[in-house]
Amino acid sequence: MPDAAAVRYQADGFYLVQQPILRAELIERASAGMDAVRRGESDTGREPLGGYWNPGDDPGKLGKMELPQLTNRAIRELVSSPVLGEWAARVTGARGVQVWWTQLLYKPPATGSPEQATSIGWHQDRNYWGCWEPGSELFTAWVALTDVASDCGPMRFVAGSHHWGLLVGSDFYGQDLEAVKAAMGLPAGAAWSEVAAILPPGGFSFHDNLTVHGSSPNHSGRPRRSFAIHMRTEKSRPVEGKREGLTTYLDDLEVNPVIYGTMG
Ligand SMILES: O=C(O)CCC(=O)C(=O)O
């Protein structure tokens, strides 16, 4: 019998795990870790990477930072969670799962100011991942640290859009979601059906690298906190075996752990 979660993931291009699977205690420490990374602190002895948002920047803007586990042990522990690997293998059917990049995503409550833009425009991740060979099996686990209710600007997935191929017009930083959608060149007859990723702290979602997704401002009055953990299966290869750009840290297993099986 095929696994029901895998069947849904294959059909929809995403899967929601809407239970608090990750321990509350780990979520609390990773959340404190997020605050430390946002202050520019490191407890690993390693230097942070620059990002879209850097310590000292406007706290009212989307706080997107790259590879936060470089500089924080609690985040490293969360990113390495075997239970994430087990779920990832379950939905994808992989023999091996490795983390290969992550993002800290802090979406503050919306102020309405255009300078404090917090929407995430519709996009397919594959559009930004040219460092991987075509056909590479790449996907993302998005882990909620706070309650992500419908008024928090949850991520929204377009069901079945991973079957549409690589579209033009992806725009992560686009603030007018209708305009981004209009520019995306959807295939004829494509049915656009959005599903919000409502999650408790410690819950997570998975989405395929071709699944169209985006999110609107956070009107909850509380910050929306999460990590996007980009993963690969054994069916993935960096272009020409190169280690550069987003694959620079691929062999650094402290930062990019294998969280299920083996990659060989
Ligand atoms: O956090 C969001 O709303 C979108 C995140 C995203 O684009 C991703 O995890 O791939």
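1. A term to settle before the pockets: a pocket here is an open set of grid points with protein on both sides within 12 Å along at least five of seven lines, and lining residues have an atom within 4 Å of a point. Keep in mind, too, that this is a predicted model.

2. On that basis, the largest pocket holds about 360 Å³ of space. Its lining runs to 23 residues, and the ones nearest the centre are Lys64, Gln103, His123, Asp125 and Phe172.

3. Which strands build that lining? At least two residues each come from β2 (63-66), β3 (96-107), β4 (120-123), β5 (138-144), β9 (213-215) and β10 (224-233).

4. Next, the second largest pocket, with a volume of about 170 Å³. It is lined by 13 residues, and Ser136, Glu137, Leu138, Asp208 and Asn209 sit closest to its centre.

5. Helix α1 (4-12) and strand β5 each put at least two residues into the lining of the second largest pocket. By class, that lining has 3 nonpolar, 7 polar and 3 charged residues.

6. Just past the end of α4 comes Gly93, with a positive phi of about 75 degrees.

Note on methods:
Residues numbered from 1 in each chain as written. Predicted model: local features only at pLDDT ≥ 70, side-chain atom pairs only at ≥ 80, totals over all residues. Heavy atoms only, no water. 1 Å grid on protein atoms, 1.4 Å probe; cavity = no way out; pocket = protein on both sides within 12 Å on 5 of 7 lines; lining within 4 Å. Points joined across faces, edges and corners; volume = space filled by probe spheres on them. Helix = DSSP H or I, 4+ residues; strand = E, 2+ residues; numbered from the N terminus. Nonpolar A, V, L, I, M, F, W, Y, C, P; charged D, E, K, R; others polar.
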